[in-house]
Each structure stands twice: as structure tokens, then as C-alpha cells.
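Here is a short briefing on side-chain contacts and backbone features. Look over the sequence and the model first, then read on.

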Amino acid sequence: MPPTKPPAQQARKEIYNIVFATLNRLEIEASPANYELMYDVISGNNPELREKFSRLRKPIAEHEVEALARTYLPHHFGKSIHDESASRLQNELTSLKESLQSGQSSLSTFTNMLGQATGKISSIDPRDTKTMQSHLGSIRQLSEVQQSKSAKLLENVSTQISTVAAISDEVEQFERTKFTHPTTRLANRRGFHKKLAELYGAERYPDDISLLFCNLLVLTPFETAEFLRLKEAFLERLGAIVSQTVQTMDFAAWLDRPQIGIIVRTSAETEVQKIADQLKRSCLAAFDSRQGVMPKVIARFGCSTTYQAGTASELVANTEKALQTAIDEQNEKVVFLSGATRKDWMLYRS
């Protein structure tokens with residue numbers, strides 16, 4: 001009898017199968033961009049994208065799918081924004097350098113001409129007022145021309161500096177979008193994986209770090225089209241609650257299944273439990289079931305530490321195992337996974 005997959009892995013496999021089956025049914029090419037797009041649509045990770053996709057008329061045209069992918073998954077298309085921005089930045093800096101060189105050349109020419117005009121004035125007979133006024137007029141004209149050139153140079157340089165700053169902001173915004181869940185404003189799964197890779201890719205082993213997985217709200221009743229906006233509002237509020245709860249040095253991401261992943265810079269179980277308790281209290285206050293249509297708060301928490309995981313995938317698998325135990329046993333406290341070695345495991349409740 002084949003071994004049973006852990007529930008979290010089974011859930012991911014099921015949604016992968018649903019994504020491919022949906023792409024096949026809608027006759028949409030199963031490219032990486034289309035797969036990620038459909039995954040976000042089906043999982044509900046991006047309610048706005050899901051709503052726009054639902055409005056597409058059947059059969060869905062290839063260019064319509066591509067338009068959505070270009071909007072929500074720009075990293076899949078053409079040169080990366082970093083390459084394009086580097087090219088634009090190089091052009092702007094080259095133009096700025098040329099402007100400054102032109103200004104320097106113009107100022108040097110003005111200085112030479114002013115020196116020549118001053119030399120001529122010193123040799124004029126003071127009683128020859130007509131010649132004196134003529135030379136003074138020439139100097140004034142030179143000064144006016146140079147003043148105009150300097151003002152234009154300053155305007156050009158200011159524009160180019162603003163353009164350089166805008167390019168920098170564009171790259172920064174793209175990075176935020178690429179690794180941020182659009183509704184909760186927490187990191188997305190891509191950002192979560194990036195953070196784990198940074199932890200385990202560092203020179204030192206990531207000691208004294210915990211991974212906490214949380215399922216906080218029952219959102220299943222709000223998956224239908226008529227409740228999509230409500231779900232989006234719930235996710236926005238939940239994202240704000242998580243952001244307010246986690247410490248500056250900690251890291252939180254919206255993963256959908258499980259809902260929240262929090263990397264906590266401590267392995268102290270009491271500290272992790274405090275975070276879980278605060279999250280639960282905040283959710284109960286924000287989603288009071290007596291206040292109309294609200295999601296039910298059923299908080300479940302699973303946690304493991306880097307002490308027992310040699311790789312990021314082991315850390316995730318261990319934490320999923322702890323969370324599943326909390327779900328199965330309907331335990332409202334954090335279920336911690338720990339063991340003396342990385343081979344022998346023991347589940348226990350705090």
C-alpha cells in the first residue's frame with residue numbers, strides 16, 4: 001500500500017491538478033506564465049485577478065490571457081525590468097554627463113570671452129565713453145546668453161535627476177509587487193521562498209529561528225463570486241492584523257494553504273505562543289461573528305525550528321506536520337515539533 005501523503009502536500013497536489021485540468025478544459029497553453037496566472041485565479045490569492053478572469057468571454061482568447069499575465073505577472077515577459085531599467089538608467093546618466101560637459105564647455109568659453117572683453121576695456125581711453133559703452137554692452141550680452149544657457153542646463157539636469165529617481169522607484173515598486181501579496185500586503189509565496197533561501201543560503205547556519213504556520217479564518221463560504229469583494233476586505237484586514245502583530249525583525253507571508261507563514265527570530269516557545277495568542281485575540285476582535293456576515297475564527301498553529309531542519313524544505317514539512325496535528329486535534333494552542341536529533345521527532349502540546 002503506497003504511503004499516504006501529508007495533508008498539506010496532498011492539498012498542493014490537488015490544486016496543481018485542478019490548475020492543469022482547467023488550462024486544458026479552457027484550451028489555454030500550459031506555459032509557466034499561464035500556470036502561475038491560473039494558480040492565482042483558482043487559489044484566490046489575487047481576488048482582483050480572479051474577478052477580471054471570470055469576466056472573460058468563452059472561448060477565452062490567447063491575447064486576453066496574455067494581457068492579464070502582463071499586468072499581474074510582468075516578470076514572465078521579455079527582458080527583465082532590471083535589464084530595461086539598467087539600459088534606461090545608462091542612457092539618462094550618459095545624457096546627464098553630456099549636459100554637464102556642455103555646461104562646463106559653455107562656462108569656459110564665457111570665461112575666456114569675458115577675460116578678452118575686460119582686457120579691451122582696460123586699454124580704452126576713459127574719455128571715449130562711446131567705445132566704453134559698446135564694450136560694456138557686449139559683456140552684458142555675453143552674460144545674458146550665459147545666464148540663459150545656465151538656466152537651461154539646470155532645468156535639464158533637474159529633469160534627468162528626476163528621471164533617474166523615477167527609474168529607481170519603478171524598480172523598487174516592481175520588487176515589492178513581485179514578492180508581495182496584493183490584498184494582504186504581506187509577502188507572497190514567492191517572497192516566502194526567497195526569505196527561506198536567504199536564511200539557509202547565509203554563511204552561518206540559521207540558529208534560533210522558528211517557522212509558525214497559522215490558519216486563522218474559515219474563508220470557504222466567501223469563495224463564490226458574490227462574496228469575492230467581502231473576502232478581499234477580510235484578507236486586507238487580516239494582513240493588517242498580522243503586520244501589526246509581528247516584530248520588526250520577523251517576517252510574515254500569505255501562503256493561502258496554510259494561510260499565514262511567520263518566520264520568528266526566536267526558538268523560545270513562550271514567545272511564539274505570545275504571537276499566536278495576539279493574532280487570535282486580534283482576529284476575534286476584528287471578525288466578531290455577531291457583526292453581520294463575518295468569517296468564523298478557528299485559529300490553528302503549528303511550529304518548528306531550524307534546529308531540527310537541515311534544509312528549508314525540511315523546515316516547511318516539519319511545520320506543516322505540526323499544523324496538521326493542531327487541526328486534527330482541534331488544538332487552539334501552538335503545536336510544536338521538536339526532537340533531540342534531526343531524525344527522531346516528537347509531537348507535543350505546550
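Is phenylalanine 222 buried or exposed? Phenylalanine 222 is buried, at a relative accessible area of 5%. Buried means under 20% relative accessible area, exposed means over 50%, and partly exposed lies in between (1.4 Å probe, protein chains only).

This is a predicted model, in which local features need pLDDT of at least 70, side-chain atom pairs count only at pLDDT 80 or more, and totals for chains, interfaces and linings use all residues. Residues are numbered from 1 along each chain as its sequence is written, and side-chain values use heavy atoms, with hydrogens and water left out. Helices (H or I, at least four residues) and strands (E, at least two) are DSSP runs, numbered from the N terminus.

**Aromatic contacts**

- The count is five aromatic pairs. Rings of Phe, Tyr and Trp (its six-membered ring) pair if their centres lie within 6.5 Å; planes under 30 degrees apart count as stacked, over 60 as edge-to-face and the rest as tilted.
- Phenylalanine 20 and tyrosine 35 make a tilted pair, with 5.0 Å between centres and 35 degrees between planes. Phenylalanine 20 sits in helix 1 (residues 7-25) and tyrosine 35 in helix 2 (residues 32-43), so this pair ties together parts 15 residues apart in sequence.
- Phenylalanine 20 is partly exposed, at 43% relative accessible area.
- Phenylalanine 222 pairs edge-to-face with phenylalanine 234, at 4.9 Å centre to centre and 80 degrees between the planes. Phenylalanine 222 lies in the loop between strand 1 (210-218) and helix 8 (228-245), and phenylalanine 234 lies in helix 8, so the pair ties together parts twelve residues apart in sequence.
- Phenylalanine 234 is buried, with 5% relative accessibility.
- Ring pairs join Phe20, Tyr35 and Tyr39 in a cluster.
- Lysine 194 lies over the face of phenylalanine 179, 5.2 Å from the ring centre. A charge sits over a ring if NZ of Lys or CZ of Arg is within 6 Å of the ring centre and within 35 degrees of the ring normal.

**Salt bridges**

- Side chains of opposite charge can pair when their charged atoms come close. The structure has eight salt bridges, each a side-chain nitrogen of Lys or Arg within 4 Å of a carboxyl oxygen of Asp or Glu.
- Glutamate 36 bridges to arginine 190, with the closest N and O atoms 1.9 Å apart. Glutamate 36 is in helix 2 and arginine 190 in helix 7 (residues 189-201), so the bridge ties together parts 154 residues apart in sequence.
- Glutamate 36 is buried at 19% relative accessibility, whereas arginine 190 is partly exposed at 25%.
- Glutamate 66 and arginine 70 form a salt bridge at 2.9 Å, N to O. Both residues lie in helix 4, four residues apart, about one turn of the helix.
- Glutamate 66 is partly exposed at 32% relative accessibility, and arginine 70 is partly exposed at 47%.
- Glutamate 332 pairs with lysine 280, the closest N and O atoms being 2.3 Å apart. Glutamate 332 lies in the loop between helix 10 and strand 5, and lysine 280 in helix 9 (residues 269-286), so the pair ties together parts 52 residues apart in sequence.
- Glutamate 332 is partly exposed, at 45% relative accessibility.
- Salt bridges link Glu51, Arg55, Arg229 and Glu232 in a network.

**Cysteines**

- The structure holds zero disulfides; a disulfide is a pair of cysteine sulfur atoms within 2.5 Å.
- Cysteine 214 is in no disulfide, and the nearest cysteine sulfur, that of cysteine 283, is 9.0 Å away.
- Cysteine 214 is buried, with a relative accessible area of 0%. Cysteine 283 is also buried, at 0% relative accessibility.

**Backbone features**

- Most residues other than glycine have a negative phi, and most peptide bonds are trans.
- Lysine 58 and proline 59 are joined by a cis peptide bond, with omega about -5 degrees. Proline 59 is in the loop between helix 3 (47-54) and helix 4 (62-72).
- Glutamate 27 has a positive phi, near 60 degrees, and is not a glycine. Glutamate 27 belongs to the loop between helix 1 and helix 2 and is exposed at 73% relative accessibility.
- Glutamine 330, also not a glycine, has a positive phi of about 55 degrees. Glutamine 330 lies in the loop between helix 10 (312-328) and strand 5 (334-338) and is exposed, with a relative accessible area of 60%.
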